[in-house]
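Here's a quick briefing to read with the model open in your viewer. Take a look at the fold, then go through the points below.

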Amino acid sequence: VSIYVGCHLSHTYGTGGCLYFTWAVLGGNQPLERYYRFKAMVTDSIVEAGGTLSHHHAMGTEHLPWLVQEIG
């Protein structure tokens with residue numbers, strides 16, 4: 001299995017910056033299950049570190065499990 005992870009800083013604000021992550025996993029089975037498992041791990045880490053899930057885009061349905069933590 002090969003993994004690629006990229007990140008760029010798209011916007012900066014007085015309170016921090018907006019990081020855009022791009023990632024891909026080549027090979028293996030059950031790609032959607034692996035995607036959602038990896039996304040949950042990354043999103044949990046962002047939220048636990050005090051990060052936010054959105055800046056000028058909507059959160060989307062994939063972020064629904066973290067909505068309560070996001071808005072309080």
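The side chains of Glu62 and Lys39 pair up in a salt bridge, 3.8 Å from N to O. That term stands for a side-chain nitrogen of Lys or Arg within 4 Å of a carboxyl oxygen of Asp or Glu. Keep in mind that this is a predicted model: local features need pLDDT of at least 70, side-chain atom pairs count only at pLDDT 80 or more, and totals for chains, interfaces and linings use all residues. Residues are numbered from 1 along each chain as its sequence is written, and side-chain values use heavy atoms, with hydrogens and water left out.

**The salt bridge**

- The pair ties together distant parts of the chain, 23 residues apart: Glu62 sits in the loop between α1 and α2 (67-71), and Lys39 in helix α1.
- Helices here are DSSP runs of H or I with at least four residues, strands are E runs of at least two, and both are numbered from the N terminus.
- Glu62 is partly exposed at 31% relative accessibility, while Lys39 is buried at 15%.
- Buried means under 20% relative accessible area, exposed means over 50%, and partly exposed is in between (1.4 Å probe, protein chains only).
- A search of the whole structure turns up one salt bridge.

**The largest pocket**

- The largest pocket holds about 840 Å³ of space.
- A pocket is an open set of points on a 1 Å grid over the protein atoms alone, where a 1.4 Å probe fits, with protein on both sides within 12 Å along at least five of seven lines; lining residues have an atom within 4 Å of a point.
- Its lining has 24 residues, with Leu19, Phe21, Ile46, Thr52 and Leu53 nearest the centre.
- β1, β2 and α1 (31-48) are the elements that give two or more residues to this lining, and β2 has the largest share, with seven.

**The nonpolar patch**

- Val1, Ile3, Val5, Leu9, Leu19, Phe21 and Val25 make a nonpolar surface patch of about 700 Å².
- β1 (2-13) and β2 (16-26) are the elements that give two or more residues to the patch.
- Patch residues have over 30% relative accessible area and no salt bridge, and nonpolar side chains (Val, Leu, Ile, Met, Phe, Trp, Tyr) are joined within 5 Å.
- Phe21, in strand β2, is partly exposed at 44% relative accessible area.

- Gln30 has a positive phi of about 50° although it is not a glycine.
- You'll find Gln30 in the loop between β2 and α1.

Terms used: Patches are made of residues with over 30% relative accessible area and no salt bridge: like charges are joined within 9 Å, nonpolar side chains (Val, Leu, Ile, Met, Phe, Trp, Tyr) within 5 Å. Accessible areas come from the Shrake-Rupley method with a 1.4 Å probe; for residues, only the protein chains shown count as cover. Grid points are joined across faces, edges and corners, and a volume is the space filled by probe spheres set on the points.
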